[in-house]
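The model comes first, then the terms and the findings.

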Amino acid sequence: MSILSKTSKTRNFLSENGHPGRWMIAGLCGVLVSLIFSIGLGAVWIPPSIILDSLTSFTPDLIEHQLIHEIRIPRALTAALVGAALAVAGTLMQGLTRNPLADPSIIGITQGSALFIAIALAFFTNLSYWLLLGWSFMGAALGAILVLLFSVVSKEQLSPVTLTLAGAALSMLFSSLSTGIALYYQVSQDLSFWFAGGLSGAKWIHVYILFPTVIAGLAIAFIMSRSLTTLTMGDDIATGLGHSLHLVRWLSLAAVVLLSGAAVSIAGAIGFIGLVVPHIVRSLVGVDYRYILPLSAILGSFLLVVADIGARMINPPFETPVGAITALIGVPFFLYLARVKGRSM
């Protein structure tokens, strides 16, 4: 079959997108509602009327207003940004490796960030949030490059399950090194936050760090969305349509590093958002990444904000790690995909 006929069939297939605009509007409404609930729910219930009053006429003397502005709002915004970053990073990795089981927390990217954070905490003191972010970027880049090189070199010889097992082995290596460094240099207590994953310490500084970084990563991802869609249909088709495979892969990889590194540096190793969300989105809008990527960002934000609400409400006034909440959803989903997708591809 010629490249032209393959391309024609591909375009026909991509046109079946399931009304993406409606899903995006519904998703944005869901994110807005979840943010309102996130601000109101917690150890102290804050009614919507007080939330609205604090936004329109902030009074520093009121404890509820201080709680909303200094704790609840930055935490909700941090959860939304981290959720969007993890979901889009997972979507990009699945597209780049053509592996339905790819997720930053499964194939070593998240653990690479945690390893470099452990190194930074062990050998340096008084690190700023920006420097810690830089170390997280380097770790994410190491994990992403190793996985992508393994995928490119192996080409079609590896099944998704085999590639995922290789990534899992890489994750175990990084985690073991992180644990060894933490124990030897006595920084295990500081590092335990990143292993558990959580948003309890979210502040406005975290929002200020996350916002430009996540926006930059999302912008790169959206720019590469059309090329990524073509790339997933095969190298021959992508090359025949004039796309540079190396440029698509490395720019997409840069977006993964930005998004994963920023998310891990702020919220720790929160897993499975990048695994679950892309599959749900593809079932709604098809396989065109021009729709998959923005809707993944929206649904990822919604899912993590809801998970953070659950982390606060399961055992109040104590908090359950958000990573545990997402794992309860993601592990069964992963096992299902490993059985169904791994057998059929």
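Buried means under 20% relative accessible area, exposed over 50% and partly exposed in between, with a 1.4 Å probe and protein chains only. At 0% relative accessibility, glycine 330 therefore counts as buried.

This is a predicted model: local features need pLDDT of at least 70, side-chain atom pairs count only at pLDDT 80 or more, and totals for chains, interfaces and linings use all residues. Residues are numbered from 1 along each chain as its sequence is written, and side-chain values use heavy atoms, with hydrogens and water left out.

**Overall fold.** The protein has 15 helices and zero strands. These are DSSP runs numbered from the N terminus (helices: H or I, at least four residues; strands: E, at least two). Of its 345 residues, 51% count as buried. Contact means heavy atoms within 4.5 Å. Among contacts with a separation of 6 or more, 78% join residues 24 or more positions apart.

**Glycine 330.** Helix α15 (residues 322-344) holds glycine 330. Its C-alpha atom lies 5.0 Å from that of phenylalanine 272, 58 residues apart along the chain. Beyond four places in sequence, glycine 330 touches Phe272, Leu275 and Val276.

**The core.** A nonpolar core is a set of buried Ala, Val, Leu, Ile, Met, Phe, Trp, Tyr and Cys residues joined through side-chain atoms within 4.5 Å. The largest one has 92 residues; Val88, Leu92, Met93 and Leu259 touch the most other members. Helix α4 (residues 63-97) gives the most, with 17 residues. Leaving aside neighbours within four places, leucine 259 contacts Ala85, Val88, Ala89, Leu92, Val214, Gly217 and Leu218.

**Helix pairs.** Axes are lines fitted to C-alpha atoms, for helices over the stretch in contact, and angles run from 0 to 180 degrees between N-to-C directions.

| Pair | Axes come within | Crossing angle |
|---|---|---|
| α9 (residues 204-223) and α12 (residues 245-267) | 8 Å | roughly 160° |
| α4 and α9 | 9 Å | roughly 25° |

Angles under 35 degrees count as roughly parallel, over 145 as roughly antiparallel, 65 to 115 as roughly perpendicular and the rest as oblique. So α9 is roughly antiparallel to α12, and α4 and α9 are roughly parallel.

Which residues of α12 meet α9? They are Leu251, Ala255, Leu258, Leu259, Ala262, Ala263 and Ile266.
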